[in-house]
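The exercises below are to be worked with the sequence and the 3D model side by side. Each one has a task followed by a stepwise solution.

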Amino acid sequence: DRLVRAGLWTGWCPTHMMSSDVTGATLGLIGFGRIAQAMARKAHHGFGMKIVYVKPSPADPAVVDELQAVRCDTVEELLPQCDYVSLHCPGGKETRHLMNAGRLALMKPGAHLINTARGDVVDSKALIAALREKRIAGAGLDVYEGEPHIDPGFLSLENVSLLPHLGSATIATRTAMGEKVLANLAAYFAGEVLPDRVV
C-alpha cells in the first residue's frame, strides 16, 4: 500500500516483496481461550495450519481433537516449532514482558510474532532489536506498551505492521460490547447478579 501510494511501484516482478505461506505452516498460540480457539479454527480449517498451544490447564478435548492441536508444557517448548506465534494471554504482572529477548531468540528466523492481546506482554525494546537485526522475520502489532504512545523504534521498520488497537473494530462487535454494558447496568439497578462482573 505504501509503495503504490508513493508512486514507487514499477510493475509486477516474480521476486518482488515475497513472503512466506501460511498454508501448512505451524501456528503457536500462547493462551488458548475463546479468541485463540476461533483463530485456530480459521487457521486449521482454512489454511491447513498445524496448531500448537500453551495454556496453564488442559483445553476442552473436543476442541483439541477438532483442531488436532498439540499442547506444549511451556512457552519455550512452543516457540522453536512455530512459523507464526500469536499472543492470547491476559496482561498484568505475571505476563509482563512474557515475550522478552530470551524468548524471542527461541523463535525461528523466518517466524512472525502477532500481538493482539496486551501491549505489556511484549518487551518492545527486545522486539525492535529482533526485528532490526532480522532475528525474526516480522511482527504484527495491534497493542503496545504505554499505548497510545508507540516506541518510535517501530516506525522505521519495514518488517512490522502497526495497527491502532482495532482488533474488535467491527460494527457488530462494538454494538455487542455496548449491549453488554446496558445489560450489566440493568442487572445492577434491578439488584440482580451482574452477567459480566469484573471484580
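This is a predicted model: local features need pLDDT of at least 70, side-chain atom pairs count only at pLDDT 80 or more; totals for chains, interfaces and linings use all residues.

**Exercise 1: Helix α6**

Task: List the buried residues of helix α6, state what covers them, and describe the start of α6 and what follows the helix.

Solution. 
1. Helix α6 runs over residues 124–132, and its buried residues are Ser124, Ala126, Leu127, Ile128, Ala130 and Leu131.
2. The cover over these buried residues includes α5 (101–104), β5 (112–115), β6 (138–141) and β7 (160–162).
3. At the start of α6, the backbone nitrogen of Lys125 has a side-chain oxygen of Asp123 within 3.1 Å.
4. After α6 comes Lys134, with a positive phi near 60 degrees.

**Exercise 2: Phe47**

Task: Decide whether Phe47 is buried, partly exposed or exposed, and find which residues Phe47 touches.

Solution. 
1. Phe47 lies in helix α2, residues 34–47.
2. The relative accessible area of Phe47 is 42%. Buried means under 20% and exposed over 50%, so Phe47 is partly exposed.
3. Not counting residues up to four places away in sequence, Phe47 touches Val22, Thr23, Gly24 and Lys42.
4. Between Phe47 and Met107 there are 21 Å in space, C-alpha to C-alpha, and 60 residues in sequence.

**Exercise 3: The whole chain**

Task: Describe the secondary structure of the protein chain, its contacts and its surface.

Solution. 
1. The protein chain has seven helices and seven strands, in the sequence order α-β-α-β-α-β-α-β-α-β-α-β-β-α.
2. Its C-alpha trace spans about 65 × 40 × 35 Å along the principal axes.
3. Of the 199 residues in the protein chain, 36% are buried.
4. Among contacts with a separation of 6 or more, 57% join residues 24 or more positions apart.
5. The accessible surface is about 12,300 Å², and carbon and sulfur atoms account for 61% of this surface.
6. The chain has 20 positive and 21 negative charges, whose mean positions are 2 Å apart.

Methods: Residues are numbered from 1 along each chain as its sequence is written. Side-chain values use heavy atoms; hydrogens and water are left out. Buried means under 20% relative accessible area, exposed over 50%, partly exposed in between (1.4 Å probe, protein chains only). Helices (H or I, at least four residues) and strands (E, at least two) are DSSP runs, numbered from the N terminus. Contact means heavy atoms within 4.5 Å. A polar contact is a pair of N or O atoms within 3.5 Å; within protein, one must be able to donate a hydrogen and the other to accept it, and residues adjacent in sequence count only if both atoms are side-chain atoms. Accessible areas come from the Shrake-Rupley method with a 1.4 Å probe; for residues, only the protein chains shown count as cover. Lys and Arg count as positive and Asp and Glu as negative; His and the chain ends are not counted. The place of a charge is taken as NZ of Lys, CZ of Arg, CG of Asp or CD of Glu.
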